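Have the 3D view open and follow along.

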Amino acid sequence: MTVPIQPGATLGIVGGGQLGRMFVAAAHRMGYRVCVLCPSPEEPAGQVADELVRGELADGDAVAKLASMTDVITLEFENVNVDALARAEGHAWLRPGLSLLEVARDRRREKRTFASLGLPLPRFAVIESEEDCERTGADFPMPAVLKTALAGYDGKGQRRIESPEALGAAWKELGQVPTVLEAFVPFVGELSVVGVRGHDGEIALYEPCHNTHVDHVLDLSLAPAPLSPEVTREAEEITRALLEGLDVTGVLCVELFLLEDGRLLVNEIAPRPHNSGHLTIEGHATSQFEQQVRAACGLPLGSTRRVVPSVAMCNLLGDLWQAGPPNWPGALAVPGANLHLYGKSEARPGRKMGHITAVGADPEEARSRALEARARLLEPAQSAATAPSAGGS
Ligand code: AMP
């Protein structure tokens, strides 16, 4: 395998969701072919793949097959079976590598890594037994949040704990699996920084996004975030420290809590493009997905400069479909609004079906345009215009 992997080559991606679909779009634009490993051709990335390896993400044989068909493998989901991915090593590059995945998929390792790099994080304790519940609960500050160490995302596998006595019951509710107890953070804002590190150690950072969550799921992201230069610098330094400390080749997103006094605490990392970075497609010179392609292929990284005054992104959850088909023309009539749908046929409540990005002259305009476009999806559609008859008069 030689660097760079040239356009025309076939790239592999583990996972068939929307992040994979947007990776495929970026790779196609640059002249690459993409082979997707996922259980069904109906999945968002499966629909647009050049080739498909049909299988479960934890299936080592399927990963080995993907490796035999591609020069490099990247992923769109970190809760993967690392042993299965190890089957790719020696056949195709893995970007990100196994050691980063070991950290990012396990909250225990993640938090210990943040601490060992000297990064600020909420107080935490590992809870793996009833004994841990009793011993730790006794002097841990409350309220707190108990999170499963593995396979948690979008607030799944989390319980808020109000008192030491409630800890044991919450641990049982989560299935008595390894967990991390974390102090509840009275944050005034949530931020994320998407960073990229290339094959040769080159680093490119996007400016921080300001994020708002509803029911633990990202609802709206905004750039630029309303931050002082000091907070922006600190967020960038933390991201740089993680990209270097974890020897990342690829995209890494760092989620941060902003405290009232301006300090930042690291919440978690994602070793891949992130929902908050979707706004880089319209907002920045190079999208986070193109950076994933560039880093995976050993190409120079692209500019992370914002090319519009402001950009906002809001998620479209399946709830918007419950009263009937959304009013797409209504949403797209909002100036500056762009629609992204992921090709999912079943609109279940809470399921991420797509997103809307809106650009504006300032953050308030971008934010209000994105929210207005989404609100219009629920308004009754105007009756369809009559199409001109064939041949005309
Ligand atoms: P996570 O999956 O850990 O990113 O959690 C999802 C969301 O839950 C975060 O974006 C926060 O809004 C909230 N959350 C998670 N952990 C904490 C915490 N320790 N204190 C306060 N809110 C939290």
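A polar contact here is a pair of N or O atoms within 3.5 Å; inside the protein, one atom must be able to donate a hydrogen and the other to accept it, and residues adjacent in sequence count only if both atoms are side-chain atoms. Before using that, note that this is a predicted model, where local features need pLDDT of at least 70 and side-chain atom pairs count only at pLDDT 80 or more, while totals for chains, interfaces and linings use all residues. Residues are numbered from 1 along each chain as its sequence is written, and side-chain values use heavy atoms, with hydrogens and water left out.

The side chain of H216 puts an N or O atom 2.9 Å from a ligand oxygen. On the nitrogen side, a ligand N sits 2.8 Å from a side-chain N or O atom of E182. The protein covers 95% of the 470 Å² of accessible area that the ligand has on its own (Shrake-Rupley method, 1.4 Å probe; for residues, only the protein chains shown count as cover).

Who makes up the surroundings? There are 17 residues around the ligand, and the closest are K147, E182, V185, E190 and E268 (near means a heavy atom within 4 Å). Strands β7 (144-148), β9 (179-183), β14 (250-258) and β15 (264-270) each supply at least two residues of this shell; strands are DSSP runs of E, at least two residues long, numbered from the N terminus. In terms of domains, whose bounds come from an automatic or database assignment, the shell takes at least three residues from each of domain 2 (123-183) and domain 3 (189-376).

Stay on strand β15 for a moment, where you'll find N267. Its side chain makes a polar contact of 3.4 Å with that of K147. N267 counts as buried because its relative accessible area is 7%, and buried means under 20%, exposed over 50% and partly exposed in between (1.4 Å probe, protein chains only).

Finally, look for aromatic pairs: the whole structure has two, counting Phe, Tyr and Trp rings (for Trp, the six-membered one) with centres within 6.5 Å. F187 and F257 form a stacked pair, 5.1 Å centre to centre with 5 degrees between the planes; stacked means under 30 degrees, edge-to-face over 60, and tilted the rest. The two are 70 residues apart, with F187 in the loop between β9 and β10 (189-197) and F257 in strand β14. F187 is partly exposed at 34% relative accessible area, whereas F257 is buried at 7%.

Definitions and conventions:
Helix = DSSP H or I, 4+ residues; strand = E, 2+ residues; numbered from the N terminus.
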